[in-house]
Amino acid sequence: MGRKGLDYEDLNENVKKVQYAVRGELYLRASELQKEGKRIIFTNVGNPHALGQKPLTFPRQVVALCQAPFLLDDPNVGLIFPADAIARAKHYLAMAPGGLGAYSDSRGIPGVRKEVAEFIQRRDGYPSDPELIYLTDGASKGVMQMLNAIIRNGRDGILVPVPQYPLYSAAISLFGGSLVPYYLDEEANWGLDLVNTRQSVAAARSNGITIRAMVIINPGNPTGQCLSEANLKEILNFCYQENLVLLADEVYQQNVYQDERPFISSRKVLFDMGGPISREVQLVSFHTVSKGYWGECGQRGGYFEMTNIPPKTVDEIYKVASIALSPNVPGQIFMGLMMSPPKPGDISYPKFATESKSILDSLRRRAQIMTDGFNSCRNVVCNFTEGAMYSFPQIRLPQRAMDTARSAGKEPDVFYCLKLLEATGISTVPGSGFGQKEGVFHLRTTILPAEEDMPAIMSSFKKFNDSFMEQYQDYSKL
Amino acid sequence: MRRFLTDRARRAVAASLRAATRPAPPCPAAPARALSRPSPSPASAMASYMARAMSTSAAAAPPVSLDTINPKVLEFKYAVRGEIVTHAQNLEEELHKNPESLPFDEILYCNIGNPHSLGQQPVTFFREVLSLCDHPALLDKSETHALYSSDAIERAWQILDKIPGRATGAYSHSQGIKGLRDEIAAGIAARDGFHASGDNIFLTDGASPAVHMMMQLLIRSEKDGILCPLPQYPLYSASITLHGGSFVPYYLDEETGWGLEVDELKKQLDEARSKGITVRALVVINPGNPTGQVLAEENQKKIVEFCKNEGLVLLADEVYQENIYVEDKKFHSFKKIARSMGYTDDDLPLVSFQSVSKGYHGECGKRGGYMEVTGFNADVREQIYKVASVNLCSNVSGQILSSLIMNPPKAGDESYESFMVERDGILSSLARRAKALEEAFNSLEGITCNKAEGAMYLFPRLHLPQKAIGAAQAAGAAPDAYYALRLLQATGIVVVPGSGFGQAPGTYHFRCTILPQEDKIPAIISRFKEFHEKFMDEYRDGSSTSSKTESVEDKTGSGGDKTAGSGDKTVSGGDKTESGGDK
């Protein structure tokens with residue numbers, strides 16, 4: 001046998017098709033440059049702690065105690081842990097027989113799922129059933145479980161916004177389904193245009209695709225818009241008419257940087273609508289501990305909540321969850337803590353409130369600095385980051401830059417981002433990784449670099465961009 | 001009266017066996033407030049209602065329902081919370097409400113390899129380090145020394161220094177934190193005496209996701225087959241079904257202590273190939289789950305040779321490598337065996353799976369683990385990396401623990417002695433528990449049980465009287481499932497029927513973990529004995545003398561059963577039985 005058991009040619013084709021730009025060419029080049037000793041500012045992943053954001057103290061205290069339950073019997077424990085953290089650690093350990101070292105129920109610890117349900121009820125004003133909430137190792141795992149359950153073959157289509165977070169395209173490829181794009185309207189602040197969406201659906205159907213589900217990301221990634229209540233109603237009506245399950249990625253619900261359009265959950269809008277829609281539209285909502293002012297990406301904690309999904313299907317999804325045995329227990333406890341943080345009157349409340357407010361306020365200022373910075377650059381236009389953690393400026397590349405890029409065998413935005421990286425050390429993700437309209441180019445940065453570094457980053461960006469535009473300005477203007 | 005109780009028990013058994021699915025969780029009705037309120041725009045609601053009524057899809061089932069979900073999801077079986085366990089949970093609730101209602105006072109979960117849930121204590125040093133890494137601010141406080149051992153503090157510093165920005169709350173490299181992978185590689189090299197590289201380590205949320213990742217990579221269609229042992233841990237059959245491949249079984253030989261014979265591998269491989277299946281990989285679980293055997297070095301060499309000659313990827317599930325209970329057996333990793341035979345990366349693609357959930361530490365809830373991938377081309381490894389990157393990274397706490405189990409305290413460290421006391425205490429107690437349970441099972445009429453040389457399970461064979469088999473069939477249950485349910489109802493002991501793991505046709509087994517705390521073992525044994533004797537009395541065929549004879553014949557005839565039946569097994573689809581087990 002000359003060949004080995006697993007040559008590239010023999011791999012699952014669906015695996016080979018997967019594209020995942022967030023950790024793609026730009027990221028690899030940036031890692032190389034970092035190894036060569038160049039200072040790199042990673043703005044390619046929404047990974048706040050990697051850029052210096054400090055963890056919130058209270059949840060870390062609670063989990064540290066849950067990790068070492070023997071400390072709870074130590075008379076010195078009060079020296080370094082506040083009483084409410086000790087009490088909360090006991091609360092979670094009582095919920096989790098066997099502590100952090102035992103597999104939990106495959107759907108997550110019942111007590112934590114109850115805390116999630118209570119949070120949802122407080123947020124939306126409608127009761128939530130813990131039996132329909134499944135905890136996961138981060139939201140990505142939950143999205144993958146749902147797509148795995150939905151997609152039967154290449155003729156099943158999933159409506160995904162473009163630009164999109166590439167988790168969706170990657171997971172759809174992996175499960176062998178078809179991605180059906182709908183375009184967000186940059187001119188209307190990345191609003192969702194249903195006329196255009198209907199056209200996408202009709203085109204896909206005429207190609208024999210059965211559309212099964214629609215994904216929305218609210219607040220948007222990479223686009224940063226917050227959907228209005230009216231827009232959400234249209235979306236739900238659309239799902240009702242077209243018989244689609246709505247997959248609502250709401251992981252940025254705490255990250256809102258303007259006051260006109262606060263976050264409103266798809267579930268609340270659905271129940272507010274009443275009537276058959278509220279009883280029939282199937283909805284799965286996703287949340288995580290990785291975002292918000294928590295940013296606890298490394299913990300891999302998350303949940304999804306199912307609405308109007310038939311009980312037998314819920315059981316099948318339970319089965320899918322059960323093959324991974326259980327989500328990690330520390331991540332589940334972080335989820336519980338995020339759902340029920342310290343309250344006014346608790347010993348740790350003032351510190352917790354100060355820490356979280358300072359993170360959110362700073363993110364809001366950074367969103368503004370970044371948008372303003374981009375808009376001050378030549379040939380760059382940028383919508384305001386209303387929410388989430390990203391800025392997604394449009395780069396209007398001169399024809400000459402496009403020609404040079406293509407002759408170098410690169411997409412124009414990849415070419416631009418590589419030049420930016422080499423010149424400034426700023427590591428971004430080209431818009432082509434998220435999808436964009438033909439002939440229009442973007443890049444995505446996070447708004448996560450430390451606030452004090454922000455002015456310098458924006459001015460080095462401007463300096464690079466403006467000289468790039470100068471260098472490649474169109475022939476006619478020469 | 002006794003008759004009445006027996007009948008009632010039978011009816012209950014039959015009823016719970018009939019209930020094919022667990023009771024459905026209540027679907028939340030749309031809240032009353034929303035229902036009574038007119039929708040915001042009646043006209044537009046009506047329009048959309050009409051549109052829906054007229055649209056072609058209106059008559060279809062809801063987008064996500066049993067009729068419309070992925071059929072592979074429906075097909076695969078992984079009843080981790082199978083009927084028996086669901087029933088046990090119901091009984092537990094009943095006990096909670098009314099402690100006098102059942103003939104026992106607690107449910108004993110021997111169905112699942114989840115040591116901490118049965119009272120095993122965590123290893124102190126590991127937890128101290130994890131606790132400090134979870135809250136690094138403690139490291140700056142002098143009071144911390146009053147609560148944590150100094151080598152745990154030192155180790156936490158070392159680990160944090162390996163993490164960029166010391167940020168345990170950040171996504172890591174998708175393969176896992178580089179410094180931790182290097183530490184794991186050093187641990188592997190120390191174990192095997194052969195070089196290992198951190199670049200070949202992929203850290204995962206437990207071993208199961210790693211197994212899924214490999215199946216995803218290997219399986220292109222139902223024409224691709226994976227050779228798996230029977231009995232097997234049902235993760236494999238479930239994962240193969242979910243990824244649309246074909247499960248190609250090979251039988252372990254119960255008569256020779258669950259021996260793995262290369263002749264059997266070859267026979268099943270040829271048979272699968274003759275049916276047009278491309279066999280891609282061989283799964284070996286060593287030490288065995290549920291069968292507990294530890295492979296001999298010579299046997300492993302033959303397996304390596306077989307994979308090399310047949311061009312198969314060797315998927316070595318080595319998660320029980322620390323769990324060895326007999327003097328005359330040692331764990332040898334397949335990588336060590338392959339390297340000692342002179343085979344290099346160029347000769348054999350090999351994946352070794354390891355987990356923090358097993359061993360003496362048993363940290364199931366952490367979801368930590370890794371796979372060491374060797375003998376793959378760089379372009380294949382890139383694909384593995386890409387798949388890993390879709391989930392961003394595995395949980396960092398689990399990554400840290402993986403590095404700790406591969407580099408525990410060493411002689412001279414402050415925690416070394418207490419660590420060794422904890423470790424050896426757990427392992428020697430597990431060995432005693434394995435022996436006590438095995439001897440108890442073997443002392444009973446109608447049960448034969450191989451030794452648990454390793455892992456965490458016993459897999460005794462039940463030689464059931466014909467009458468018991470008839471009663472099970474009348475109740476619509478597999479005979480071993482019937483037995484397990486009766487056992488549960490009489491004693492509160494939860495075991496997993498052998499049909500969940502696959503067994504030679506006509507044989508019946510159950511899997512029982514050795515994990516209940518040691519002080520509970522004598523009571524478990526006596527409860528079990530009492531139940532089993534009554535069960536055998538109840539179903540004894542004819543007179544008691546003839547049943548003894550039959551039972552003996554049955555034992556001697558078991559080898560024949562296996563060979564006769566093994567040809568009937570279908571090649572694809574994997575194990576379809578209702579009850580399964582959990583690691």
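1. How many Å separate the centres of domain 1 of chain A and domain 2 of chain A? Taken over C-alpha atoms, the separation is 28 Å. The assignment for chain A gives domain 1 as 8–39 + 360–477 and domain 2 as 95–339; such bounds come from an automatic or database domain assignment.

2. This is a predicted model, in which local features need pLDDT of at least 70 and side-chain atom pairs count only at pLDDT 80 or more, while totals for chains, interfaces and linings use all residues. Residues are numbered from 1 along each chain as its sequence is written, chains are lettered from A and ligands numbered from 1 in the order in which they are written, and side-chain values use heavy atoms, with hydrogens and water left out.

3. The contact between the two domains of chain A takes 31 residues from domain 1 and 35 residues from domain 2, contact meaning heavy atoms within 4.5 Å. The area buried between them is about 2,800 Å², with carbon and sulfur atoms giving 55%; buried area is the accessible area (1.4 Å probe) that two parts lose on being put together, summed over both. On the domain 1 side, Arg364(A), Asn383(A) and Glu386(A) lose the most area to domain 2 of chain A, together 24% of what that side buries.

4. Between these two domains the count is 2 salt bridges. A salt bridge here is a side-chain nitrogen of Lys or Arg within 4 Å of a carboxyl oxygen of Asp or Glu. Arg364(A) also forms a salt bridge with Asp259(A), the closest N and O atoms being 3.0 Å apart. Over all chains the count is 53 salt bridges.

5. Two of the pairs lie within helices (DSSP runs of H or I, at least four residues, numbered from the N terminus). Asp361(A) and Lys357(A) are 4 residues apart in helix α15 (residues 349–375) of chain A, about one turn of the helix, and their closest N and O atoms are 2.7 Å apart. Asp361(A) is partly exposed at 26% relative accessible area, and Lys357(A) is exposed at 53%. Buried means under 20% relative accessible area, exposed over 50%, and partly exposed in between (1.4 Å probe, protein chains only).

6. In chain B, Glu264(B) and Lys267(B) meet in a salt bridge of 3.9 Å, N to O. They are separated by about one helical turn because they stand 3 residues apart in helix α12 (residues 262–274). Glu264(B) is buried at 11%, whereas Lys267(B) is partly exposed at 41%.

7. Arg127(B) is in helix α6 (residues 124–134) of chain B and counts as buried at 1% relative accessibility. Not counting residues up to four places away in sequence, Arg127(B) touches residues of both chains, including Cys66(A), Phe70(A), Leu100(A), His116(B) and Glu363(B).

8. The largest nonpolar core holds 272 residues, of which Phe81(A), Tyr416(A), Met214(B), Leu315(B) and Met371(B) touch the most other members. This core draws at least three residues from each of domain 1 and domain 2 of chain A. A second, separate core of 35 residues includes Tyr126(A), Tyr182(A), Val201(A) and Leu270(A). A nonpolar core is a set of buried Ala, Val, Leu, Ile, Met, Phe, Trp, Tyr and Cys residues joined through side-chain atoms within 4.5 Å.
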